[in-house]
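Okay, thanks for having me. Today I'd like to walk you through some aromatic rings, so let me put the structure up.

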Amino acid sequence: MGKVLGQGNFAKVYHCRSLSTNESVATKVIKKEKLKEDRLVKQIKREVSVMRLVRHPHIVDLKEVMATKEKIFLVMEYVKGGELFAKVAKGKLKEDVARKYFQQLISAVDFCHSRGVTHRDLKPENLLLDENEDLKVSDFGLSALPEQHREDGMLLTPCGTPAYVAPEVLKKKGYDGSKADIWSCGVILYALICGYLPFQGENVMRIYKKAFKGEYEFPEWISPQAKILISNLLVADPKKRYSIVDIMNDPWFRIGFARPIAFSMNDSSI
Ligand code: ATP
């Protein structure tokens, strides 16, 4: 086991190398003693089940799960290039570059949704870049499987990160997880192109208020086509918000878009 790559609330992620194959992997190490609440045990089990279900070129691959008396090890593919967050923190991206990342994000999210999985915590910190600058979605700790949904297909548990969470999630009346993920994708796209977040405020309530009203502004430099797409993603009413199909038909999005090959292979094998 090598250096620590990152640290979450109750896990550390290490860079590791297999002694037999010399392959680099990233291993999330969870101390069982930290899983005091039943809720946390369920969360880890769900993370593992989801990652086994969603194998896709733009989703971090879970290779193996191991456990000792004290620890649980999630052995994942090693994604070398760090978080997309680090890139955005340096400033806005060119629209062509933002489009590539956004297309890869949407194909991963579409794949998850087609399997009844919603991520529920999409943000640049959970989007990793590999050595080819390709995006990989990670951290399915808050994701939901089909069994978490109510009979009407809605989810109830509010979760996510304030700046990225869809307004309807906070209403606690039930929400469509797919549409909530699409809102987060809209916030991500805005952040990639503009270099800052659409909804900001001194405290969480102010951020939520702006999101509820869909109150944000565009900078001058953004292209009219990108503006149209973002305006249809950051719509407070989830029924009026673009679906994945709408996104895939959007002129700005469609430029040079090709679904990854493994997507259709996986699709037909189910
Ligand atoms: P949180 O409590 O924020 O949800 P977590 O405990 O679920 O975090 P992750 O977000 O999955 O942990 O991982 C923490 C950090 O470790 C990531 O932000 C990333 O920087 C790094 N990391 C995670 N998985 C990998 C990977 N497969 N390859 C390289 N680095 C990774």
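Let's start with one side chain: is Phe253 buried or exposed? Phe253 is buried, because its relative accessibility comes out at 0%, and the cut-off for buried is under 20%. Keep in mind that this is a predicted model.

Now take Phe257, which is at 22% relative accessibility and so counts as partly exposed. These two residues also pair up through their rings. The centres of Phe253 and Phe257 are 4.8 Å apart with the planes at 55°, so we call that pair tilted. The reason is that stacked needs planes under 30 degrees apart and edge-to-face needs over 60, so 55° lands in the tilted class.

How many aromatic pairs are there by this rule? The count is eight. One of them is stacked: Trp183 with Phe199, at 5.4 Å centre to centre and 10° between the planes. That pair ties together distant parts of the chain, since Trp183 sits in helix α5, residues 177-194, while Phe199 is in the loop between α5 and α6, 16 residues apart from Trp183. Trp183 and Phe199 are both buried.

Ring pairs join Trp183 and Phe199 with Tyr190, Tyr196, Tyr216 and Phe218 into a cluster.

Which residue lies over the face of Trp221? That's Lys92, at 4.7 Å from the ring centre. Over at Trp252, Arg99 lies over the ring face, at 4.5 Å from the centre.

Technical notes:
Residues numbered from 1 in each chain as written. Predicted model: local features only at pLDDT ≥ 70, side-chain atom pairs only at ≥ 80, totals over all residues. Heavy atoms only, no water. Phe/Tyr/Trp six-rings, centres within 6.5 Å; stacked < 30°, edge-to-face > 60°. Helix = DSSP H or I, 4+ residues; strand = E, 2+ residues; numbered from the N terminus. Buried < 20%, exposed > 50% of the residue type's maximum accessible area, 1.4 Å probe, protein only. Lys NZ or Arg CZ within 6 Å of the ring centre and 35° of its normal.
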